[in-house]
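Student: I would like to learn how to read a few features of a protein model. Could we go through them one by one?

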Amino acid sequence: MCERPSRATLAWALPYPALSLALVIWLALGLVEGDAATVVGCSVAAAAVVGVCALVTLSRDRIRGSYLADAGLLVAASVAAAFALEVSWCRGNLTVEPKFLALEAGFALLALLALYLVFQRRGIGAGIGVGVFCAMGLAQYFVRVHKDTAILPSDVLGMATAMSVAGGYVYKVDGTVILGIAIAAVGWCLCSLMHGREAASEKGRAPRRCKGAASEKGRAPRRRKLAVAGNLGVAAACAGSFVAMVVFVDFGVALGVHVDGWDTARSYERYGAITSFVAAAQDLEIPRPAGYSSAQAVADEQELADDHAASVDPDARAAAQAQFAETRPSIVCVMNESFSDMSLYDGLGVGYEGPAYFNSIDDALVRGQLTVSTYAGGTCNTEFEFLTGNTLGYLGKGAYPYTLYDLSTTDNLASQLSSLDYDTCAIHPNLGTNWNREGIYAGFGFDEFLTIDEFEDAPQFHSGVTDAATYEEVLERLRGSSKPQFIFDVTMQNHSSYDQGNIDPGLLRDYEPDYLNESQAAELNEYLACIDASDRDLEWFIGELRKLDRPVLLVFFGDHQASVSAAVNDAMFPDEADQTHGTRMYLTNYLVWANYDVAGAGSIRVEEASSSTLGALALDAVGAPLSGYQEAQLGARLLMPTISALSYTDVEDRHHATGGLKTLAGADPNGDPAARARDAYLKLARVQYHRFAEHVQ
C-alpha cells in the first residue's frame, strides 16, 4: 500500500497545478506570442518539465536528506534561479557572457543560502528565493517589451508610479518566458528536496535511555536557541558579503561592466541583469567635477554669463526687458506626454509629415528639436530638467532626482516667478503621488497642484484626460484673474501603451510599413492617432489664447518619444554608429510662442535646445529676468548647443559622451569645436555642482 504524501509535501506540490492553469489561461487568452510551432513546442516542454517536477516533489518523503545533500541542492537551485532570471527576458537569445552568468549564480547562491538559514535550514526559504528571481526576470521582460529598456535602480525608487500606470498595458509573453518559468519550477523542485532540518529533527527524536537523559532534555531548548542564532548570524553574513561587494567593488573597474546609456537592454544582455543593475546603482553618485571649488564655480558662471551677454543685441534685449517689466505676461508651459514628430525617421518610409498644425505655426519666437534625457518613460526627468535647469548629464545615467533627492532648496521656475509676484499652479490629471509630485511641487513653491481629483468628470482619450480638458482649466484660470500666472501643465492622454485598441478606427492613419510586423504597425498607428489628437487640441488652445486680452507666453514641448520609435529607428537606419543611432530616440520638439508682439523679436528662430536649457531660453526670448545660472546656461549653449544624460554636442553637431567629470581636463577654449564644447561642458558642470549638488547630497 502506497504511503500518503505528508501535508508539507502536498503544499510543496501546489504551485505545479497553479503554473499549469496559468499557462492554459495565457494560451486561451491569446497572450502567448510567436509562431504556432514555437508556442506549442515551448508549452509542451514546459508542461513536461512541470509534470516531472511534480512527481519528484511528491516523492520527497521517501528521500532521506542531510545537510551535505542540501548544500548540493542549494548550488543547483542557485544555477536554476540565475537561468530563470535571464531566460525569462532574453526573448530567445541568451547572450550573457558565461563568467557573468556564473557570477549571477553566485549572487543567487548567497541569496538562497541566506533565506534557507533565515527559515532555519528549511527549503521553503530557498524556494521563495527562486520565485523572486523568476519574478525579476518577468518584470525585466515586460519593461523590455513596453519600454525597450532595462530596469534601472531608479525605477525601483519610482515603483509606485510604475504600478499606477501598469493597468494600461497588455501582458503578453513569449516562449522564453514559459521556459524561464519552467526552469524556476526545476529550482523549486530542488528546494523541495532539502531535508537538512527535518533529518536532524528525526535524529533528535531517537530514544535516549541513559542516566543523563533528564539533563540532556533540559539542554535541548538552549541548543535550539543557539542554532537559531547561528543560522541567522550566517544569513546576515551572506547578506553582508553581497552588500560589501556592492559598496567596495567597483564593477566597472574590477569586472569591466559598463552599462550603455544608449541601450541599457543590450548591456544587461551581455553582463546579466543583476550585475548590470549593481553597476548602474554604483553610478548614481553625483560626481565632483575636476578642478571644482566654490570660487572656481562662481568664476565659471560669470564667464559663461558674460559670453551670453556679448552674443545678443543689447538694444533688442533692453526693449524686451522693458516690455516684460511693464506687461508681466502670464507664462503657460505644457509638457505634452510623448509628443514628438516622427517624421524625423525619414517620414516613417510612408511619407508621414508630422503633426500638421504644430509644424505649420510660423509666428513662434523660437522652435526646434528638443534633446531630452529619457526615452519611452521617465517623464519626471524631463520635468526636473525643465523646471530646475539642471541636466542629468552631470548626475549619472539612470538617476531620477524626484525620487533621490530633497529638492526643496533647489532653484526652479516656480520659485523664480513666484518671487516676481506670479501666482503659480501645476496641473497633472493623474495621481498626485506619481513621481512624488505632491512633495516636489510643494517644495518648489507652487501655490496649487491640480490632480485627477479636479478632473473626475473630464473627457477621456486613450490613456486619460484629454489635453483639451487641461487647456480649458488653464484658460479658466487666465480669464479668472488679472495677476500674472505661471501654469505648468503635464498632460496624460498620450501615455503608453499603444496596443490598447481603444481609439476610433476612423482616427487611425492605417500605415503598414513593410519593416514592421503587424503588432508594431498597430502600435505605431495608435501612437500617431494620439499625436494627431494632441495637435488638434493645441490648435484649438492657441486659437483661444489669441483671443485673450492679456499677454501670454506659451512653452510647449514633448517629454520623450514613444517606445515604438526603437523598432522604427532600427529599421530605417540599420547600420549607424551607436551614438548617432541612439540620440535620434532622445529628440522631441518644442516651441516658444506669444500671443502678443514681443519687443525686439525678429523672425522666428529655429534652434536646437535641451530640456534643461529650454526654460532659460523661453524667459530670455521675452526679456524676463534671468538668474546668473540661467545666463551661464545660455552662454554654454554657444559652444555646447545641447546636453542630456547621454551626450553633449559641439557646434558641428557631433555628439560626445557625458561622464568622466572627475578626471576631465580643461580644454583650450580657442581650440577646435570639440575642445571648446568640452571646455563649456566642464565649466557648466562646476556651476551645476555648486548650485545643485552641494545642496542635495
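Student: How are helix H27 and helix H28 oriented relative to each other?

Tutor: Two packed helices are described by the angle between their axes and the distance between the axes. Axes are lines fitted to C-alpha atoms, for helices over the stretch in contact, and angles run from 0 to 180 degrees between N-to-C directions. Angles under 35 degrees count as roughly parallel, over 145 as roughly antiparallel, 65 to 115 as roughly perpendicular and the rest as oblique. Here the axes of H27 (residues 628-637) and H28 (residues 673-696) cross at roughly 165° and come within 10 Å. H27 and H28 are therefore roughly antiparallel to each other.

Student: Where do the labels and residue numbers come from, and what kind of model is this?

Tutor: This is a predicted model, in which local features need pLDDT of at least 70 and side-chain atom pairs count only at pLDDT 80 or more, while totals for chains, interfaces and linings use all residues. Residues are numbered from 1 along each chain as its sequence is written, and side-chain values use heavy atoms, with hydrogens and water left out. Helices (H or I, at least four residues) and strands (E, at least two) are DSSP runs, numbered from the N terminus.

Student: Which hand does the crossing of H27 and H28 have?

Tutor: A crossing is left-handed if the near helix is turned anticlockwise from the far one by less than a right angle, and right-handed if clockwise. The crossing of H27 and H28 is left-handed.

Student: How do H4 and H5 cross?

Tutor: The axes of H4 (residues 67-89) and H5 (residues 98-118) come within 8 Å, at a crossing angle of roughly 125°. H4 and H5 are therefore oblique to each other, and their crossing is right-handed.

Student: How many residues of H26 are buried?

Tutor: Eight of the eight residues of H26 are buried, so H26 is largely enclosed by the rest of the structure. Among them are Leu614, Ala616 and Asp620. Just after H26, Gly623 takes a positive phi of about 80°.

Student: And how many residues of H14 are buried?

Tutor: H14 (residues 273-281) is mostly covered, with seven of its nine residues buried. These include Ile274, Thr275 and Val278.

Student: What lines the largest cavity?

Tutor: On a 1 Å grid over the protein atoms alone, a cavity is a set of points where a 1.4 Å probe fits but cannot get out, and lining residues have an atom within 4 Å of a point. Grid points are joined across faces, edges and corners, and a volume is the space filled by probe spheres set on the points. The count by this rule is seven cavities of 30 Å³ or more, and the largest cavity holds about 40 Å³ of space. Its lining includes Ile331, Phe386, Phe486 and Val555. S1 (330-336), H20 (413-418), S8 (552-558) and H26 (614-621) each supply at least two lining residues. H26 gives the largest share, three residues.

Student: Which classes of residue make up that lining?

Tutor: Ala, Val, Leu, Ile, Met, Phe, Trp, Tyr, Cys and Pro count as nonpolar, Asp, Glu, Lys and Arg as charged, and the others, Gly among them, as polar. The lining of the largest cavity has 10 nonpolar residues, one polar and no charged ones.

Student: Is Phe488 buried or exposed?

Tutor: Phe488 lies in S7 (residues 485-490) and counts as buried at 0% relative accessibility.

Student: Which residues other than glycine have a positive phi?

Tutor: One of them is Asp421, with phi near 70°. Asp421 sits in the loop between H20 and S3 (423-427) and is partly exposed at 44% relative accessibility. Trp435 also has a positive phi, of about 55°, and Trp435 is buried, with a relative accessible area of 11%.

Terms used. On a 1 Å grid over the protein atoms alone, a cavity is a set of points where a 1.4 Å probe fits but cannot get out, and a pocket is an open set with protein on both sides within 12 Å along at least five of seven lines; lining residues have an atom within 4 Å of a point. Buried means under 20% relative accessible area, exposed over 50%, partly exposed in between (1.4 Å probe, protein chains only).
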